[in-house]
Amino acid sequence: MTDHTGTRRGFGAWLMDPKRRGALLVTPAIVILFVMNIFPLLWSFGLSFFNYKATSQRVPTFKGLSNYEKVLTDERTWERFQTTALIVSSSVILQLIVGFLLALLFAKAFPMRRIVLMLVLTPMMLSFVSVGVFFKLFYEPTFGIVSYVLNFFTTEHFVMLATPAGAIAGIVIADAWMWSPFVMLLVLAGLVSVPKYLYEAAEVDRASKWRTFWTITFPYIKSLLLLAVLFRTIETFKLFDIVYIITEGGPGSATETIAVFLYRNAFQFFKTSHSSALAYIVLFIVIVLTNLYLYSVNRRAEEVD
Amino acid sequence: MARKYREVGKAGWGYTALTTVVGFIYFFPVFWIILTAFKTRTDALAVPPKLFFTPTLDNFYSVFFRTSITTGNSQATDMGLYFFNSIFIAFTAVGFAVIVGTLAAYAFSRYPLRGNDTYLFIILTTRMMPPIVVIIPIFLMFRISGLAGSYWGIMLLYTAFNIPFSVWLVKSFFDELNPEIEDAARMDGSTERRVFFGFCIPQILAGLAATFVFGLILTWNEFLFALLLTGVDTRTVPVAMARTLGGEVGVDYGLLAAIVTLFLIPIFFVTFLLQNQLLRGVTFGTVKK
Amino acid sequence: MKKRNYISGLMGATLLSVGLSTVPALSADITITMAAPDWPPTRFMKEHFDQTYTSPDGHTTTLEMDFIPWPSFYERVAASLTSGEQKYQMIVTDSQWLGAFVEGGYYMDLTDKINADPELTAIMQDLHPALVSSYSTYPHRTRAQLEEAGVVPAPGVSYYGFPQFPDTYVTFYRNDVFCNEGEMAAFEAKYGTNLPCSYEDWQDTDWTKWGQIGEFFKRKKGEMLAGEVLDDDFYGIAYQAGKGYDFSSMQINAFVWQQGGDIWDESKAPTAQAEGVVNSDVAVKAFEEYLSLLQYMPPVAKTGQMDIFVEQDLFMQGKVGAIIDWVGLGEPVLDPSASKVHDKAAFGPAPGSRQADGSIDRTGNIGGQPFVLTTWNDDAVVDEALNVVKWWLSPDTQLEAVANGGQSGLKSVMADPGYNELRPWNRAHVEMIDWQKDVWHVPEFFELLTQQQEEFDKAITGQITAKEALDSIAAFQQELLEDVDLIQN
């Protein structure tokens, strides 16, 4: 079917030799990742055992595990982890609910669907900085639109960010608004993958809508929902800009997430080694979450096959 | 391979109206940002918040020009350069990442190495860790290599940033292809190169496009690396945007909104054009239908 | 221990390169790259330099300014310095960063240069001593310690920076409200004292009256203000009470100092203590007074986010009668496109604490920025950079800067007969600059500041009491400073 010479022995053919083909093709990616990612990681792993400070000319000395000990015994670290867990879990739950409802809405085909869907997808494309700045403005008690609207029902100005709970809510709403469309897309994938004949069968059986949902739809989206939870959990764990802009960790330290804490240690206090140790603890948690994620992905793959 | 959603049921224009209302409520904060781009400072901070006002293009003008303090003439703000930088850096880095990622993905899919899954796992982990974890050592590394402030430095970093995602996504596209067709082609005497370029690539072009767009969305708004690793000539828009966040006044809402609006346009259209591939992109290719 | 050598080698490289490539002082093309926050006072410096500067040594000198957005300025500069990219020859810096970057080996000690150069010595002598103390000395020397020496430069003191933009906080107020006859009469009737209208009235305003103003002008939408019906709630006063950066410490320090309390005094290290000083009864009482006035401020004060920009915006949009804010933020208030009160704004000294003898103590925490030289430049560049310093601090340049929204730290310029007329806040600025002290300059400054801001913020948002906040701050500082031997017992 082709006039190409399958027998020519050039560099290309050598390259495509089955024995080393896989390794060769993977090499560029691995090299770049090693230089830009893995090597820096190992470096900071090394640093985490010293007492290096970027703003000191003192020669760093080997400190063993003392940075890890300091990080793990500092009660602020645990406070930050708790705050992060609270923000991550509430945000992810909210994203699930909103994303799910949006998916139900957009599951049908209707005229102009592509255009209307763009309205919902746009928040993901904004920068964190602009989302942070404008949500902060919305919450501002004097100038903000939230306070203005709520003022129809109250006599006092509504002050969203004055309490720890309010501040966490403010961050969670902004983050969930930005990323619920992501969950929507995943759920949409589940919804449209339900074989039509199952619904037809349910109709014949005169099953209630609720029952149809639980017995037919839900099993198909269940594992996708789990994926959404894990994926968003990992991403929200990194949440930095929105927190830093909307509350700067306040009031007090009520919204100081681990990412903000890490940033302060590394770039404001220049406790380079100390923050490397903290970073590795964070990385460990992320790896555990990644494993959970992959485990659930594999399970889904098995279910589908 | 591009596939349309198999929609659950069909609905008419009435449903369009309903979803438009809901969609618009969801879109409202974005709408408000875009409105703000056309407001003066006093309109932007007006109480009650203003929906109707006399629009001004001053903010858009200020994106590109500022008034000289000593002479009162207008000077360029270099924002044009920063828009160029953002587009150049993001497109080049993501393009390169897709090429490198595609090669690796093909290998992972067709010629599994020993410990294939381990490699894939490590690759994914590098993408999933908070950027703050690597920024300290990358900084120390840029300090030695002299990459700080150059196009090369930031592009290499963004390439690395996008490779994991490209590998996973493109691999899932390759996995979906039917290997029997490739084998048949080989039986007919096609070279491996021709199998790759003549059979595999054409079939996943739409997937590659989606990978590209997703990389672009993730890279487009990146702030921390750009702030710390670009120089005055290689600065990107998200970094330059920060000039609207405080100086002589606090946030310059109108100017920020104008930059955000302009910066949204390219990514919005690319996303719109490739919307059908979005679904696969967001899950890094790990979700298959 | 390969790793260890590697790292120390890395740091050594930073220092070594200083000695390399010495160029003879012939006329040459010299480029000075300066890290500067992106705002008008630095923009002016660049423009004015391009228009007027000629090198006295016959060099062709280019001043390249790397304008960095204010909110990212610290991170960008710190990253550049610690990464060793050696990009900048001069840097605009907050005075508090001196310790960290001097200890890191990045900022150049100019003491010998100043001693050797009569022009520079003259400049140091003409600079206001409060500025020299805050902007230039490290280890920090107080104004009193410098004045005790009797000579400038003082022996045994290391000098680093020169003022780029010396800043103080003053009162911004609405004269249409404060000079309204009806309001003045009503205030007089209610409190038995006058509502401050003129500059002289503000000179006699203490925190008690500031509180009365707050109470007096807290009005609801629909009530009257200066003869007009309010279309939104109105408030009398605001000062900084924000969690970010130093947006509450600057004001709280003033309360503490004015009432005779103190912060940890780095100029007396290592014998000065934090425990018992920071949380002394006087300090607690001062902080309580600060907190007690927050109730009269716009509702955003409850969130602990009343930063210097938020109060400025509230003032510019006509929501508050008087604020205490930096002179550096004054210019937009007069700009009709940004400010609704551009034709009604007036300026006075910031209030202070009434002392036993009836005088008012206005001690404040200095703001603004010095600029410094970096350590890795060859002699030609250093000499030319010092020429730039002399150009910038020459009276002509300084007066021009003040006319364009800058500020000067030179006594001779501030004494110029035309100076007070150049900008409406100048008179207040000169009065306030005499009262300035500074927060710490030690390398641990950011850690001290962040913890303190966090505890202050808890108290501002009502989560803990003033005493609890100061106790926690004192304990934290004591432990941290003992750790780094800045407190030795």
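1. Strands pair here if DSSP finds at least two bridges between them; helices (H or I, at least four residues) and strands (E, at least two) are DSSP runs numbered from the N terminus.

2. Keep in mind that this is a predicted model, where local features need pLDDT of at least 70, side-chain atom pairs count only at pLDDT 80 or more, and totals for chains, interfaces and linings use all residues. Residues are numbered from 1 along each chain as its sequence is written, with chains lettered from A and ligands numbered from 1 in the order in which they are written.

3. The pair belongs to an open, mixed sheet of 4 strands, ordered E8-E11-E5-E12 (chain C). E8 (235-238) and E12 (345-349) of chain C are the edge strands with a single partner each, so one side of each has no neighbour in the sheet.

4. On to the contacts between chains (residues count as in contact if their C-beta atoms, placed from the backbone, lie within 7 Å). For chain B against chain A, 89 residues of chain B meet 87 residues of chain A. Helix H1 (residues 13-36) of chain B gives the most to chain B's side, with 14 residues.

5. Chain C puts 33 residues in contact with 24 residues of chain B. On chain C's side, H3(C) brings the largest share, 7 residues.

Technical notes: Contact = placed C-beta atoms within 7 Å.
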